[in-house]
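Grab a pencil and work through these exercises with the viewer open. Each one sets a task, then walks through a solution.

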Amino acid sequence: MKPPASLARMCACLVLLFAGAASAAPAAEARFRRGDANADGQVDLGDAVQILNYLFASAAISCVDAADTNDDGQSDIGDPIGLLNYLFVQGSAPPAPGPSECGADPTDDRLTCEAYPPCATGPPGVTRIDGPPGDPADAHRRPIHGWGDRR
Ligand SMILES: [Ca+2]
Ligand SMILES: [Ca+2]
């Protein structure tokens, strides 16, 4: 028995509605500096060591996208080698967003960036020191305002 046409139309509308709602809510893209595998805000030898520890000693990396220094969507030995080439033998810089600018990964891959504090943004005019806004541990701290905010 076929469902009535109006029921089929209503189901089709619901499917389109939910599909649209899912695509209308873009996921927040994590911002990071490519190559800064240890998320300390600098790209240096420590990052190559961190990637090697991640690959061979099960160390954790909070932003695996940052550790994908050649942006091939894979975490492998090519990443620390490429980073060492960039740092010490004038090899090419890690691709966008690059080692000095914060930005999202322009390529679609399966790697994730769960956390990258150096590129975290707070409310305009406020520089976050640490912890999320409203963190009770930060209650004693005052926000640092930019020069333009001085009265
Ligand atoms: Ca680093
Ligand atoms: Ca890679």
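A residue is called buried if 20 or more other C-beta atoms lie within 10 Å of its own, exposed if 12 or fewer, and partly exposed in between, with the C-beta atoms placed from the backbone. This is a predicted model, where local features need pLDDT of at least 70, side-chain atom pairs count only at pLDDT 80 or more, and totals for chains, interfaces and linings use all residues. Residues are numbered from 1 along each chain as its sequence is written, while chains are lettered from A and ligands numbered from 1 in the order in which they are written.

**Exercise 1. Work out whether E114 is buried or exposed, and what it touches.**

Step 1: Count neighbours. E114 has 11 C-beta neighbours inside 10 Å, so it counts as exposed.

Step 2: E114 sits in the loop between α4 (78-88) and β1 (126-127). Helices (H or I, at least four residues) and strands (E, at least two) are DSSP runs, numbered from the N terminus.

Step 3: Look for partners. Leaving out residues up to four places away in sequence, E114 touches S62 and C63. Contact here means that the two C-beta atoms, placed from the backbone, lie within 7 Å.

**Exercise 2. Sketch the chain, and say where the model should be read with care.**

Step 1: List the elements. The chain has four helices and two strands, in the order α-α-α-α-β-β from the N terminus.

Step 2: Get the overall numbers. Of the 151 residues, 22% count as buried. Of the contacts with a separation of 6 or more, 61% are between residues 24 or more positions apart.

Step 3: Check confidence. pLDDT, the predictor's confidence in each residue, runs from 0 to 100. The chain averages 77, and 62% of the residues score at least 70.

Step 4: Where pLDDT is low, the predicted coordinates should not be read in detail.

**Exercise 3. Find the residues with the most contacts inside the largest nonpolar core.**

Step 1: Set the rule. A nonpolar core is a set of buried Ala, Val, Leu, Ile, Met, Phe, Trp, Tyr and Cys residues joined through C-beta atoms within 7 Å.

Step 2: Apply it. The largest core has 14 residues, and F32, C63, A66, A67 and C113 have the most contacts inside it. Both α2 (45-56) and α3 (64-67) supply at least two core residues each. The largest share, three residues, comes from α3.

Step 3: Beyond four places in sequence, the contacts of F32 include C63, A66, P97, C113 and Y116.

Step 4: Stop at P97. This proline is in the loop between α4 and β1, and a cis peptide bond with omega of about 10° joins A96 to P97.

**Exercise 4. Describe how α2 and α4 are arranged.**

Step 1: Take the geometry. Their axes come within 9 Å and cross at roughly 170°. Axes are lines fitted to C-alpha atoms, for helices over the stretch in contact, and angles run from 0 to 180 degrees between N-to-C directions.

Step 2: Name the arrangement. The two helices α2 and α4 are therefore roughly antiparallel, a label for angles over 145 degrees.

Step 3: List who meets whom. On the α2 side are L45, D47, A48, I51 and L52, and on the α4 side D79, P80, L83, L84 and L87.

Technical notes. Angles under 35 degrees count as roughly parallel, over 145 as roughly antiparallel, 65 to 115 as roughly perpendicular and the rest as oblique.
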